[in-house]
Amino acid sequence: MIAELGLALLWIAAALACLSLVAGTLFLRGGSKDLAALVRPASVAQGVLTAAAFGLLIALFVRSDMSVELVARNSNSLKPMIFKVAGTWGNHEGSMLLWLMILSLSGGLIAIFEKRLREDTLVATLAAQAALSLGFFAFLLFSSNPFKRLPVAPPDGQGLNPLLQDIGLAFHPPTLYVGYVGLSVAFSFAVGALITREIGPAFARAMRPWVLGSWIFLTLGITAGSYWAYYELGWGGWWFWDPVENVSLIPWLAGAALLHSVAVTATRNALRAWTVMLAVIGFSMSMVGTFIVRSGLLTSVHSFAVDPERGTFLLALMAIYIGGALTLFALRAGSVAEGKKFALLSREGSLVINNLLLTTILALVLLGTLYPIVAEAMGEKISVGPPYYNKVAGPLALILCLVMVAGPLLSWRKDDGKRLWSRLPLAIFAGATVLFALILFGGKVGILPLLGMTVAGVVAVASLAPLWGRNLRRTPLPTWGMVVAHFGVAVCLAGMGAESAFIKERLVAAAPGDVVKVGDFAVKFVGVKPIAGPNYTAIEGTLVATTSSGGSFTMRPEARTFPGLMGTAPTETNEAALLTRPGGQLYAVLGQPVTSDDGSADRYQIRLWWKPLVWWIWLGGALIAVGASLSLLGRAQLLNIWRARRSRKSQERFAP
């Protein structure tokens, strides 16, 4: 009964999306205002019903209702409750319903809270959002029904992929999806503004909180996903340039460019064409990523490899949405291009350079991701890995950071080069100090890590420049947000450079009592013991790491085995043990037993890494998200102050 009710709610919500689209279109073509009055409540009801349908799907997973095919394929009665719930979106159909729910709820929130746009622009925006929702409703209802029943219910299910049974992965996909859907809202705002030709500060101010919120969640999602891959997959790296990692990074790059562009449009009425185009590109990259992950074109631990029919459906949606938006942009190019002029040496000019660099990096990463797929379709296997990305994207990213240093120190409209140079000596001195210290004491350091840590020193000091000479108590939250986010970039960059330059690795076959030295640690292998988890068995190793100063720490890496369910083979995973110290992390993985001549397994493969400052990478990501959150909060406060002042002036004007 729950599955049937969930499916019925999806059909009703799809009908409401159709109503919003049709009523909005007729109103914009000169129809009655009564049509416009239908759009807001229909959008709200659509969001509520879609959320209810997703809630019912969660209930089916919690109850372990194996008569539903999705539950049988992705859950098991023995799983801990948190992973039963996470199983709802740890698959193709459930994750698409999560996407659709966030998309529909976003439309409802726009309908309830957005008061700044003209009525026709708001209706056009909601109609565009309904059009997006309608495509995904069609995809779920006709191609990927999450409530599909099985003719005969199995006694138990196959269970969630063991690699995904981690608390980090329980929250990683929803966080990313909120970010992706936030870009869809920016897309709808851009389409609505193009339709009504209201492309100016009001449109940008309405779009900005959605872009900022989207980018915050994308930052958190990518940071959390990187950390999950780092400790869960056992390979010891923080970014593999996996195609699915790339397709989450690409929308983030587009969102970063859009974030800066929309701020200029909102405050200075400039970069209007950039803002509209980046809104289209940001959502387009989300659609491209969705297609790549769900089309079966590639195999990755992150991806949902499904049949080509579904990939074709997504490809058709992508062509309709992206092609339609680009066509509309071309038709409205004359009204979009207008905006206030500014000099190249100005804050606006630095943001244009910023956007050019971000979009160039985006294009290079997209090329490296798609080229092997296209080449394989033509019969040739090509692998594009870290060397390509590091060489083409790394130098551009460092130049981008230097532009980021100059931007906040420049004045709007026009500035003087001598004035800018006078504000940089302290930051340049910090970078030079780092560079000389690394050359003198760092040993053999690669050129990219060397430059990365040097630029990190420059950015760290320069990021604080907007606070110099100000009353810190009266400094606006958006300024604090910019400072914290830019400082987070410096911290992240320093962590990347230090880990790449000074990493130490040991791979040994150790017997109990053996001691392995890595970095500043002497690691003693004590032994192994079997343990049982809630739905797995494991061999747990015990390591005692001792520093040169005498500190002693126990680490317990595990080699886990999840039983095969419903005829599937058992799955083995590694749980790394991490020892975090101020100077970095000691990373330990327990590998396979090494068999002796007599058949006994008295030694085990142990892999150890000492990773200097590696945790700064995720600290930096968190600081970037905190800074963006402060900016979002500050913008909301400024908006409330502006509304209060406007209301007070209105009352004074009409007071007797």
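Helices are DSSP runs of H or I with at least four residues, numbered from the N terminus. In this predicted model, Thr290 is found in one such run, helix H10, which covers residues 272–294. Thr290 has a relative accessible area of 6% and is therefore buried, the cut-off for that class being under 20%. The side chain of Thr290 lies 2.8 Å from the backbone oxygen of Ser286. Once neighbours within four places in sequence are set aside, Thr290 is in contact with Met96, Trp99 and Leu314.

Helix H9 spans residues 243–268, 26 residues in total. From the first C-alpha of H9 to the last is 38 Å, close to the 38 Å expected at 1.5 Å a residue. Of the 26 residues of H9, 21 are buried, so the helix is largely enclosed by the rest of the structure. At the start of H9, the backbone nitrogen of Val244 has a side-chain oxygen of Asp242 within 2.7 Å. Just after H9, Asn269 adopts a positive phi of about 55 degrees. Leu271, placed in the loop between H9 and H10, also has a positive phi, near 55 degrees, and is a residue other than glycine. With a relative accessible area of 8%, Leu271 is buried. Most residues other than glycine have a negative phi.

Helix H7 comprises 30 residues, 167–196. H7 reaches 45 Å from its first C-alpha to its last, close to the 44 Å expected at 1.5 Å a residue. Because 25 of the 30 residues of H7 are buried, this helix is largely enclosed by the rest of the structure. Arg197, which follows H7, has a positive phi near 60 degrees. In the loop between H6 and H7 lies Leu164, which counts as buried at 15% relative accessibility. The C-alpha atoms of Leu164 and Ala532 are 19 Å apart in space, while the two residues are separated by 368 residues in sequence.

A further positive phi occurs at Ser64, at about 55 degrees, although Ser64 is not a glycine. Ser64 belongs to the loop between H2 and helix H3 (69–74) and, at 16% relative accessibility, counts as buried.

Two cavities of 30 Å³ or more are present in the structure. The largest cavity holds about 60 Å³ of space. Its lining consists of Met404, Val405, Pro408, Val459, Ala462, Ser463, Pro466, Met482 and His486. Two or more of the lining residues come from each of helix H14 (386–406), helix H17 (447–462) and helix H18 (477–502). Seven residues of this lining are nonpolar, two are polar and none is charged.

The second largest cavity contains about 50 Å³ of space. Ser43, Gln46, Leu103, Ser104, Gly107, Gly108, Leu126, Gln129, Ala130 and Ser133 form the lining of this second cavity. At least two lining residues are supplied by each of helix H2 (33–62), helix H5 (92–113) and helix H6 (119–143). By class, the lining of the second largest cavity comprises three nonpolar and seven polar residues, with no charged residues.

How values were computed
Residues are numbered from 1 along each chain as its sequence is written. This is a predicted model: local features need pLDDT of at least 70, side-chain atom pairs count only at pLDDT 80 or more; totals for chains, interfaces and linings use all residues. Side-chain values use heavy atoms; hydrogens and water are left out. On a 1 Å grid over the protein atoms alone, a cavity is a set of points where a 1.4 Å probe fits but cannot get out, and a pocket is an open set with protein on both sides within 12 Å along at least five of seven lines; lining residues have an atom within 4 Å of a point. Grid points are joined across faces, edges and corners, and a volume is the space filled by probe spheres set on the points. Ala, Val, Leu, Ile, Met, Phe, Trp, Tyr, Cys and Pro count as nonpolar, Asp, Glu, Lys and Arg as charged, and the others, Gly among them, as polar. The expected span of a helix is 1.5 Å times one less than its number of residues. Buried means under 20% relative accessible area, exposed over 50%, partly exposed in between (1.4 Å probe, protein chains only). A polar contact is a pair of N or O atoms within 3.5 Å; within protein, one must be able to donate a hydrogen and the other to accept it, and residues adjacent in sequence count only if both atoms are side-chain atoms. Contact means heavy atoms within 4.5 Å.
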